[in-house]
Amino acid sequence: MGLAFHRNADGTTTGRNEANGFTVTHAEEEEVKRQLYEDAGWEYTPPPPPVPPGFHRFSLVHDDFRDSGFTDERYAGLRARPPEGCVPVDRGCFALECERPGKTLMDAVAGTVAEIRRDHGLVMNSLGVEKPQEWFDTDTKNGHAAEIVAHLVVMAADRARLLGYGRKDVVRLLDATGIE
């Protein structure tokens, strides 16, 4: 059984339960989700309240690709003393759920990643985005699309390091794109 969601040109959202064809369109995306979850017999959990102005909500994940998990000794210090506004969570790997200040989402992520690297010697290499090809809210610098960009940049930096590329190599590639 699958649930599919589509944002329409008029600003509404349409959702469909592919198992039985139940379809709903509504101006509020969360109402569409609630109705589809109810139709599917799944528990619906509403999203958390918005963060205060100047703060951003995001996850940071340490994908290690080895057989390590949340309780791995490397994370002991970070579990005991996470950055302010972050809470350690077990996602089958080590992760932090954060609400941190920043001018933009990218600023908040960058500051948090730098603090963790400086204070704990660990490079967080993912934001836990499962389907980065799915873009929503491209009209804002701080929504899901911004989270995807931050995820891809953090992941790319980590993967480049694993392959032996340095900061200059990654910056040279970014500069070559012509991004201003």
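The expected span of a helix is taken as 1.5 Å times one less than its number of residues. In this predicted model, helix α1 covers residues 29-40 and has 12 residues. The distance from the first C-alpha of α1 to its last is 17 Å, close to the expected 16 Å.

Three positions in α1 were examined for burial, with buried meaning under 20% relative accessible area. The buried residues of α1 are V32, L36 and A40. Viewed down the axis of α1, these residues fall within an arc of 60°, so they line one face of the helix. Their cover includes three strands: β1 (3-7), β2 (13-17) and β3 (23-26). Just after α1, G41 adopts a positive phi of about 80°.

Helix packing was considered next. Two packed helices are described by the angle between their axes and the distance between the axes. Helix α3 (residues 105-120) packs against helix α4 (residues 144-163) at an angle of about 35°. The axes of α3 and α4 lie 9 Å apart. Their crossing is right-handed. On the α3 side, the contact is made by L105, M106 and V109. Helix α4 contributes A146, E147, V149, A150 and V154. By class, the contact of α3 with α4 has 7 nonpolar residues and 1 charged residue.

Helix α5 (residues 167-176) is hardly covered. Among its 10 residues, the count of buried residues is 0. Just after α5, G178 takes a positive phi of about 85°.

Definitions and conventions: Residues numbered from 1 in each chain as written. Predicted model: local features only at pLDDT ≥ 70, side-chain atom pairs only at ≥ 80, totals over all residues. Heavy atoms only, no water. Helix = DSSP H or I, 4+ residues; strand = E, 2+ residues; numbered from the N terminus. Buried < 20%, exposed > 50% of the residue type's maximum accessible area, 1.4 Å probe, protein only. Arc of directions from axis to C-beta. Contact = heavy atoms within 4.5 Å. Axes fitted to C-alpha atoms, helices over the stretch in contact; angles between N-to-C directions. Left-handed = near helix turned anticlockwise from the far one by under 90°. Nonpolar A, V, L, I, M, F, W, Y, C, P; charged D, E, K, R; others polar.
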